[in-house]
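Me: I would like to learn how to read the features of a model like this one. Please take me through them one at a time.

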There are 2 protein chains.
Amino acid sequence: MYDLIIIGGGPAGLAAGIYAVRFGHNTLILERSEISGQIAFADVVENYPGFPAISGVELMEKFKSHALEVGVETKITEVLRIHDEGEKKIISTDSGDLESKAVIIATGANPEHLNVPGEKEFLSKGVSYCAICDGPFFRNKTIVVVGGGNSAVADAILLSKIARKVYLIHRRDKLRAAKILQERAFAIPSIEFILNAQILEIIGSRGEIRRVEKVIYENLKNGEKHELDTDGVFIYVGIHPNTEIIDVEKDERGFIKTNSFLETSKKGVFAAGDCRDTPIWQLVAAVRDGALAATSASVYIDSLKKEAT
Amino acid sequence: MYDLIIIGGGPAGLAAGIYAVRFGHNTLILERSEISGQIAFADVVENYPGFPAISGVELMEKFKSHALEVGVETKITEVLRIHDEGEKKIISTDSGDLESKAVIIATGANPEHLNVPGEKEFLSKGVSYCAICDGPFFRNKTIVVVGGGNSAVADAILLSKIARKVYLIHRRDKLRAAKILQERAFAIPSIEFILNAQILEIIGSRGEIRRVEKVIYENLKNGEKHELDTDGVFIYVGIHPNTEIIDVEKDERGFIKTNSFLETSKKGVFAAGDCRDTPIWQLVAAVRDGALAATSASVYIDSLKKEAT
């Protein structure tokens with residue numbers, strides 16, 4: 001039986017592993033693939049202090065070798081379900097069951113996709129799902145924001161400080177975002193609203209340097225198609241936390257509810273990073289969450305040991 | 001007038017600066033000294049993911065050059081007082097007044113010292129104030145923990161998983177820690193309690209390799225002096241947050257109260273890192289706090305700009 005099993009090998013999971021092993025707990029990280037986490041899709045990361053510019057993949061390789069060096073075990077497998085049997089947690093995977101005293105859920109979240117041609121191809125080459133992460137690469141450029149909810153409008157406002165021009169394209173005839181956000185966005189001259197419209201394709205250069213150059217959208221009222229030149233496409237059509245594997249308290253969108261020590265509603269089950277109700281979806285927040293969840297898990301594991309003595 | 005002034009040039013302040021400049025805000029960090037933060041006292045840091053082993057000073061130099069590279073301004077000065085005039089904050093320093101729209105307090109906290117010979121000399125050479133940070137360097141070694149409160153007893157328990165032997169030395173005839181912590185500690189055979197005792201001196205090798213070797217303590221009942229061989233001395237006699245410069249809501253120990261977006265009780269004033277009511281005093285937590293506080297400050301600054309248009 002492991003002391004601790006961590007589900008997810010992104011920044012939260014790897015940070016948790018580093019901390020847990022340093023506390024003397026035998027710890028296993030279960031990953032879906034060799035290099036995990038949304039950050040692995042980032043072309044350049046410029047906001048992890050200590051590394052002024054590094055690719056997401058390279059940074060995750062550093063995290064992973066750090067974790068392996070301190071003695072974290074990792075295993076590539078798909079987790080199907082977590083069963084809570086009190087002082088024993090059973091993790092069902094596609095390669096059999098595993099047991100641990102405590103579990104940290106660090107499974108992340110995935111942005112919903114538009115599912116249009118060019119979206120995948122130009123990911124991190126102009127296509128982004130995170131203004132805080134990638135906005136600064138678009139100084140004085142043109143950006144298309146897709147969506148009409150709070151995230152879309154808030155990030156259009158944020159991007160308008162950086163970009164020369166922001167187009168907000170939304171399928172419906174009005175925005176869903178909070179009134180105050182809408183009013184703030186309407187007051188910014190560099191934000192232009194294209195309503196009742198839907199992106200059909202993202203087009204860019206396909207040579208040595210791949211970059212987004214324009215989008216094609218359809219006016220849903222009259223079916224007309226338009227081209228719009230742009231350097232970036234920021235997509236906000238939803239976010240999906242990967243939390244189906246466990247029954248704990250979640251918010252209405254499926255993010256795991258945690259207290260300030262990252263405990264969930266189940267004893268011995270902790271959550272860290274993008275899969276929980278975090279105030280920011282950021283690499284540094286995931287890393288801190290991992291460290292904090294491991295610290296809390298360590299206290300929990302030690303309390304079990306004591307009772308067993 | 002600056003958009004944002006950050007008080008403190010440790011990990012929280014530098015991370016906040018990196019984020020704020022990336023959002024397009026002109027940002028000044030006020031530091032007390034060239035390289036700041038408690039972490040600068042760490043001989044080796046092994047738990048900042050990405051750097052398996054690096055000195056605290058070296059890591060802070062990397063943070064600082066990262067911040068300067070993205071365009072953060074820094075100034076070495078002592079902040080005397082922060083005056084909140086609504087949409088304008090006035091920061092009084094020993095070299096004059098500065099103005100900003102928003103302020104992030106990232107002034108850190110300092111552990112209280114025993115003030116005995118050897119304490120300063122062997123800092124990070126066996127003397128530590130943080131088990132989570134430095135405990136793992138004492139695998140199978142002997143440790144003296146000083147103090148009788150929750151931190152002392154909780155960390156004695158944590159250290160007992162790593163060290164071979166833990167002595168807890170406390171001035172009074174009983175501990176102040178919570179009953180459950182006391183009971184847990186009493187049940188661990190490798191923890192030995194030396195009550196009614198006071199450390200007089202920390203002694204170690206002073207050659208090429210400086211390391212703690214023993215402590216001298218006094219039995220306060222009969223005045224007898226004793227030597228005790230040890231590899232480490234972990235000191236928990238209090239922690240002092242550097243928060244006198246501003247009137248905002250604080251907890252009973254002086255840590256600044258924050259909500260989940262790191263807003264304080266004053267609009268436009270944010271707090272990050274060890275000076276706030278953080279669940280863990282850790283480098284990664286300070287970095288995340290800096291990023292989050294800058295994100296929240298950015299939203300605040302942009303809302304002012306809107307109203308001014």
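**Reading the model**

Reply: Start with a loop: B:S124 lies in the loop between strand 7 (109-111) and strand 8 (127-128) of chain B. Helices (H or I, at least four residues) and strands (E, at least two) are DSSP runs, numbered from the N terminus. This is a predicted model, in which local features need pLDDT of at least 70 and side-chain atom pairs count only at pLDDT 80 or more, while totals for chains, interfaces and linings use all residues. Residues are numbered from 1 along each chain as its sequence is written, chains are lettered from A and ligands numbered from 1 in the order in which they are written, and side-chain values use heavy atoms, with hydrogens and water left out.

Me: What is the phi of B:S124, and is B:S124 buried or exposed?

Reply: Buried means under 20% relative accessible area, exposed over 50%, and partly exposed in between (1.4 Å probe, protein chains only). B:S124 has a relative accessibility of 17%, so it counts as buried. Its phi is near 65°, a positive value in a residue other than glycine. A:L262 also has a phi near 65°. A:L262 sits in the loop between strand 16 and strand 17 of chain A and is buried, at 1% relative accessible area.

Me: How many helices and strands are there in chain A?

Reply: Chain A has six helices and 17 strands. Along the principal axes, its C-alpha atoms fill a box of roughly 70 × 40 × 35 Å. Of the 309 residues in chain A, 59% are buried.

Me: Which share of the contacts in chain A comes from residues 24 or more positions apart?

Reply: A contact means heavy atoms within 4.5 Å. Among contacts in chain A with a separation of 6 or more, residues 24 or more positions apart account for 59%.

Me: How are the copies related?

Reply: Two copies of a chain are related by a rotation about an axis and a shift along it. Here a rotation of 180° with 0.0 Å of shift along its axis superposes chain B on chain A, with an RMSD of 0.0 Å (by least squares on the C-alpha atoms of residues with pLDDT of at least 70 in both). That is the relation of a two-fold axis. In chain B, the C-alpha nearest the axis belongs to B:R288, 3.1 Å from it. Of the interface residues of chain B, 98% are also interface residues in chain A, so the copies meet through the same surface.

Me: How many aromatic pairs does a search of the whole structure find?

Reply: Rings of Phe, Tyr and Trp (its six-membered ring) pair if their centres lie within 6.5 Å; planes under 30 degrees apart count as stacked, over 60 as edge-to-face and the rest as tilted. The search finds 16 pairs over all chains. In one of them, the rings of A:F270 and A:Y300 have centres 6.2 Å apart and planes at 65°, so the pair is edge-to-face. This pair links distant parts of the chain, with A:F270 in strand 17 (residues 269-271) and A:Y300 in helix 6 (residues 283-308) of chain A, 30 residues apart. A:F270 is buried at 2% relative accessibility, and A:Y300 is buried at 11%. One aromatic cluster is formed by A:Y48, A:F51, A:F63, B:Y48, B:F51 and B:F63.

Me: Which residue lies over the face of A:Y167?

Reply: A charge sits over a ring if NZ of Lys or CZ of Arg is within 6 Å of the ring centre and within 35 degrees of the ring normal. A:K165 lies over the face of A:Y167, 5.3 Å from the ring centre.
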